[in-house]
Amino acid sequence: MEGSKPVAAPQGEEASCSSWGTGSRQRYVLGDTAMQKMAKSHVFLSGMGGLGLEIAKNLVLAGIKALTIHDTEKCRAWDLGTNFFLSEDDVVNKQNRAEAVLKHIAELNPYVHVTSSSVPFNETTDLSFLDKYQCVVLTEMKLPLQKKINDFCRSQCPPIKKVSDCFLFEFRCNPYSC
């Protein structure tokens, strides 16, 4: 995706099963096969609010191969309550949320290649850029666009796995007051 900004990971270094150690709780819970798949996974994550940031943190700490964080929103004061990597300076400077947290997320695991993107997309955007990812995670996105991305992901061979917060997005307000 154009507009992506990479953070350098150590060149020529990749996480391997042997680097996880024999006493790894994660390896014990997930198993070697899942750990190997995860270490090769490229994930696209849209939405760097509180939920998106927590997902990004967990993915990077789990040891995926690459993560692209995407957001088109500028940092706002209320983001400071849920996004622990943002500062007041980010709000004052109206920095893009993905760009503001990029360095912090990348520092969590030097073996994960983390990039950011702030390129806007909507229902008319060509989604072919998503074909390089094994998983697409969507937060804070309108339902029609989520449905379009879902259709694209399912049409790929093999299908791209997709996770979205559509249920959270649809039911944020009290059903009696909407």
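A: What follows starts with the core, moves to the elements around it, and ends with the loops and the pocket.

The model is a predicted one. Its secondary structure consists of 7 helices and 6 strands, and along the sequence these follow the pattern β-α-α-β-α-β-α-α-β-β-α-β-α. Of the 178 residues in the protein, 40% are buried. Among contacts with a separation of 6 or more, 65% join residues 24 or more positions apart.

The largest nonpolar core holds 26 residues, and Met48, Leu67, Ile69, Val101 and Ile105 have the most contacts inside it. At least two residues of this core come from each of strand E2 (42–46), H3, E3, helix H5 (97–107) and strand E5 (135–138). The greatest contribution is that of H5, with 6 residues. In soluble globular proteins, nonpolar side chains tend to be buried together.

Leucine 67 shows how such a position is surrounded. Setting aside residues up to four places away in sequence, leucine 67 touches Val43, Leu45, Ala56, Leu59, Val60, Ile105, Val112, His113, Val114 and Thr115.

Helix H3 covers residues 50–62, which is 13 residues. From first C-alpha to last, H3 reaches 18 Å, close to the 18 Å expected at 1.5 Å a residue. Its buried residues are Gly52, Leu53, Ala56, Lys57, Leu59, Val60 and Ala62. An α-helix has 3.6 residues a turn, so residues three or four places apart point the same way. After H3 comes glycine 63, with a positive phi near 100°.

Next, the loops. Aspartate 79 sits between strand E3 (66–70) and helix H4 (88–92). Aspartate 79 counts as buried because its relative accessibility is 3%, where the limit for buried is under 20%. Beyond its neighbours within four places in sequence, aspartate 79 is in contact with Lys74, Leu86 and Arg97. Arginine 97 is 18 residues from aspartate 79 in sequence, and their C-alpha atoms are 8.9 Å apart.

Two residues other than glycine have backbone angles worth checking. Most residues other than glycine have a negative phi, and most peptide bonds are trans. Lysine 94, in the loop between H4 and H5, has a positive phi of about 50°. With a relative accessibility of 60%, lysine 94 counts as exposed. Glutamate 140, in the loop between E5 and H6, has a positive phi near 55°. Glutamate 140 is partly exposed, at a relative accessible area of 37%. The peptide bond from cysteine 157 to proline 158 is cis, with omega near 0°. Proline 158 belongs to the loop between helix H6 (143–155) and strand E6 (161–164).

Last, the pocket. The largest pocket contains about 370 Å³ of space. Its lining has 17 residues, and Ser41, Tyr133, Gln134, Cys135 and Lys161 lie nearest the centre. By type, the lining comprises 10 nonpolar, 3 polar and 4 charged residues.

Conventions: Residues numbered from 1 in each chain as written. Predicted model: local features only at pLDDT ≥ 70, side-chain atom pairs only at ≥ 80, totals over all residues. Heavy atoms only, no water. 1 Å grid on protein atoms, 1.4 Å probe; cavity = no way out; pocket = protein on both sides within 12 Å on 5 of 7 lines; lining within 4 Å. Points joined across faces, edges and corners; volume = space filled by probe spheres on them. Nonpolar A, V, L, I, M, F, W, Y, C, P; charged D, E, K, R; others polar. Helix = DSSP H or I, 4+ residues; strand = E, 2+ residues; numbered from the N terminus. Expected span 1.5 Å × (residues − 1). Buried < 20%, exposed > 50% of the residue type's maximum accessible area, 1.4 Å probe, protein only. Contact = heavy atoms within 4.5 Å. Core = buried A, V, L, I, M, F, W, Y, C linked by side-chain atoms within 4.5 Å.
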